[in-house]
Amino acid sequence: VFVKAIIHVLKKSCNKINIIIIGDGTLYKEALNLCNNSGFKNNFTFLKSIPHNEVLDYHSVSDIYVSANKDGNLINTNLEAISSNACMVIPEPQKKKQIDIQTDKFLKHSVLYYKVEDVNDLAKKIMFLLNSPDNILKYKNKIAKSKVKFMKTWKKRVSEEVRILENLARK
């Protein structure tokens, strides 16, 4: 959905857009083929995987972060984006599947939601941000304010998880 949406945006926008796609999941080859055949190959950079300590560098040079994960929004990649005060476009909660009902309470007014599997809706949200850069800054500020209510630092989170694993190993 993301690659198709961004190709749609590239066709309509006169903005110079550079897209970084990080990850090598099951859709990697399909995404690579779509980009290569789109006529916009040079707008895309594919990075299969990067170390956690380099993630912030990519967020700091990015205007918009888009999550294509439709199985839940509190995944590590999204938590890294939240930590980085990213302007986030993420899948809307899926009430019928009980996905992200609670997460929505934390993020509701701090992110832009798009309809899952809806290429046009995602493209529309991205165009909205590209056409009004002030809104990018607005969403970055919103996530910065809202995250303090629910987010732990990475170091604290990892320490707690290590402690949990150590306790499980002792049992």
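Buried means under 20% relative accessible area, exposed means over 50%, and partly exposed lies in between (1.4 Å probe, protein chains only). Helices (H or I, at least four residues) and strands (E, at least two) are DSSP runs, numbered from the N terminus. The model is predicted: local features need pLDDT of at least 70, side-chain atom pairs count only at pLDDT 80 or more, and totals for chains, interfaces and linings use all residues. Residues are numbered from 1 along each chain as its sequence is written, and side-chain values use heavy atoms, with hydrogens and water left out.

Helix H2 spans residues 28-36, and Tyr28, Ala31 and Cys35 are buried there. Seen down the axis of H2, these buried residues fall within an arc of 70°, so they line one face of the helix. The arc is taken from the directions from the helix axis to the C-beta atoms. An α-helix has 3.6 residues a turn, so residues three or four places apart point the same way. What do the buried residues of H2 pack against? They pack against helix H1 (2-12) and strand S2 (44-47); contact here means heavy atoms within 4.5 Å.

## Aromatic rings

Rings of Phe, Tyr and Trp (its six-membered ring) pair if their centres lie within 6.5 Å; planes under 30 degrees apart count as stacked, over 60 as edge-to-face and the rest as tilted. The count comes to 3 aromatic pairs. In one of them, the ring centres of Tyr28 and Phe46 are 5.8 Å apart and the planes stand at 90°, so the pair is edge-to-face. Tyr28 lies in helix H2 and Phe46 in strand S2, so the pair ties together parts that are 18 residues apart in sequence.

Tyr28 is buried at 17% relative accessibility. Phe46 is buried too, at 18%. Ring pairs link Tyr28, Phe44 and Phe46 into a cluster.

## Around Ser110

Ser110 sits in the loop between helix H5 (101-107) and strand S5 (112-114). Is Ser110 buried or exposed? Ser110 is buried, with a relative accessible area of 5%. Leaving out residues up to four places away in sequence, Ser110 touches Tyr139, Lys142, Ile143 and Ser146.

The side chains of Ser110 and Ser146 make a polar contact at 2.8 Å. A polar contact is a pair of N or O atoms within 3.5 Å; within protein, one must be able to donate a hydrogen and the other to accept it, and residues adjacent in sequence count only if both atoms are side-chain atoms. Two of the residues touched by Ser110 also meet each other: Lys142 lies over the face of Tyr139, 5.0 Å from the ring centre. A charge sits over a ring if NZ of Lys or CZ of Arg is within 6 Å of the ring centre and within 35 degrees of the ring normal.

## Salt bridges

The structure holds 3 salt bridges. Each is a side-chain nitrogen of Lys or Arg within 4 Å of a carboxyl oxygen of Asp or Glu. Lys70 and Glu117 meet at 2.5 Å, N to O. Lys70 lies in the loop between strand S3 (65-66) and helix H4 (76-83), and Glu117 in the loop between S5 and helix H6 (119-131), so the pair ties together parts 47 residues apart in sequence. Lys70 is partly exposed at 39%, and Glu117 is partly exposed at 46%.

Asp121 bridges to Lys125, with the closest N and O atoms 3.3 Å apart. Both lie in helix H6, 4 residues apart, about one turn of the helix. Asp121 is buried at 9%, and Lys125 is buried at 17%.
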